[in-house]
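Have a look at the model before reading on.

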Amino acid sequence: MTELFWNTVHTVNAKGYTKEQLDVWATGQVDLQKWNHSLQEHFSMVAVDDGVIVGFGDIDETGYLDRLYVHTDYQGKGIATAMCNRLEWAVQKDIVTHASITARPFFGKRGYKVVKEQQVERQGIFLTNFVMIKKR
């Protein structure tokens, strides 16, 4: 999953971010213990096709949709939609996500509204994302 995360960020998100921004977003140095704990605490799912992890996502009990990533080669095949449908179903509260420039249109089509644009700092580099909410 961490390899899929790195590859997706560095390919799919390259349209909206500089290489410097991508490098601090997905450094290749993931804290596996922290990710494992987070994924176990949240409602998490992994999409697999013929033994290949093609996507993953998670949402916590408060309705915060934390991660939603789809393998570069599987973009546009409905995987994110199917996973997002299931993640949204898992909680009966308003859902909030911090959508990348790339993901903003996807969430917008799903009825999420931008609450605010924000600049997130990582290692002294700023990345734009959007706090988006889907009301229940």
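Buried means under 20% relative accessible area, exposed means over 50%, and partly exposed is whatever falls in between (1.4 Å probe, protein chains only). With that in hand, Asp 50 counts as exposed, because its relative accessibility is 78%. This is a predicted model, so local features need pLDDT of at least 70 and side-chain atom pairs count only at pLDDT 80 or more, while totals for chains, interfaces and linings use all residues. Residues are numbered from 1 along each chain as its sequence is written, and side-chain values use heavy atoms, with hydrogens and water left out.

**Loops**

Helices (H or I, at least four residues) and strands (E, at least two) are DSSP runs, numbered from the N terminus. Asp 50 sits in the loop between β1 and β2, and Gln 123 in the loop between β5 and β6.

| Residue | Phi | Relative accessibility |
|---|---|---|
| Asp 50 | near 55° | 78%, exposed |
| Gln 123 | near 50° | 61%, exposed |

You'll find Asn 13 in the loop between α1 (2-11) and α2 (19-25). Contact here means heavy atoms within 4.5 Å. Setting aside neighbours within four places in sequence, Asn 13 is in contact with Thr 8, Leu 22, Trp 25, Ser 100 and Thr 102.

**The sheet**

Two strands pair if DSSP finds at least two bridges between them. On that basis, 6 strands make an open sheet with mixed pairing, in the order β1-β2-β3-β4-β6-β5. The edges belong to β1 (43-49) and β5 (113-122); each has a single partner strand, so one side of each is left without a neighbour in the sheet. From one strand to the next, the twist averages 25°. Axes are lines fitted to C-alpha atoms, for helices over the stretch in contact, and angles run from 0 to 180 degrees between N-to-C directions.

β4 and β6 run antiparallel and are joined by 6 bridges. Thr 97 has Met 132 of β6 as its bridge partner, and Val 96 has Ile 133 in β6. Helix α3 (residues 32-41) packs on it, touching β1, β2 and β3, and its direction makes about 115° with that of β3. α4 packs on the sheet too, touching β1, β2, β3, β4 and β6, at about 160° to the direction of β3.

β3 and β4, by contrast, run parallel, with 2 bridges joining them. Tyr 64 stands opposite Val 96 in β4. The chain crosses from β3 through α4 to β4, and this β-α-β crossover is right-handed (with the strands pointing away from the viewer, the path from the first strand over the helix to the second runs clockwise).

**The cores**

A nonpolar core is a set of buried Ala, Val, Leu, Ile, Met, Phe, Trp, Tyr and Cys residues joined through side-chain atoms within 4.5 Å. The largest one has 18 residues, and Leu 65, Leu 68, Ile 79, Phe 107 and Tyr 112 have the most contacts inside it. At least two of its residues come from each of β2 (52-59), β3 (64-70), α4 (79-89), β4 (95-100) and β6 (125-134). The largest share, 4 residues, is supplied by α4. Ile 79 touches Ala 47, Val 54, Val 70 and Tyr 74, not counting residues up to four places away in sequence. Apart from this core lies another, of 14 residues, including Val 9, Ala 26, Leu 39 and Phe 56.
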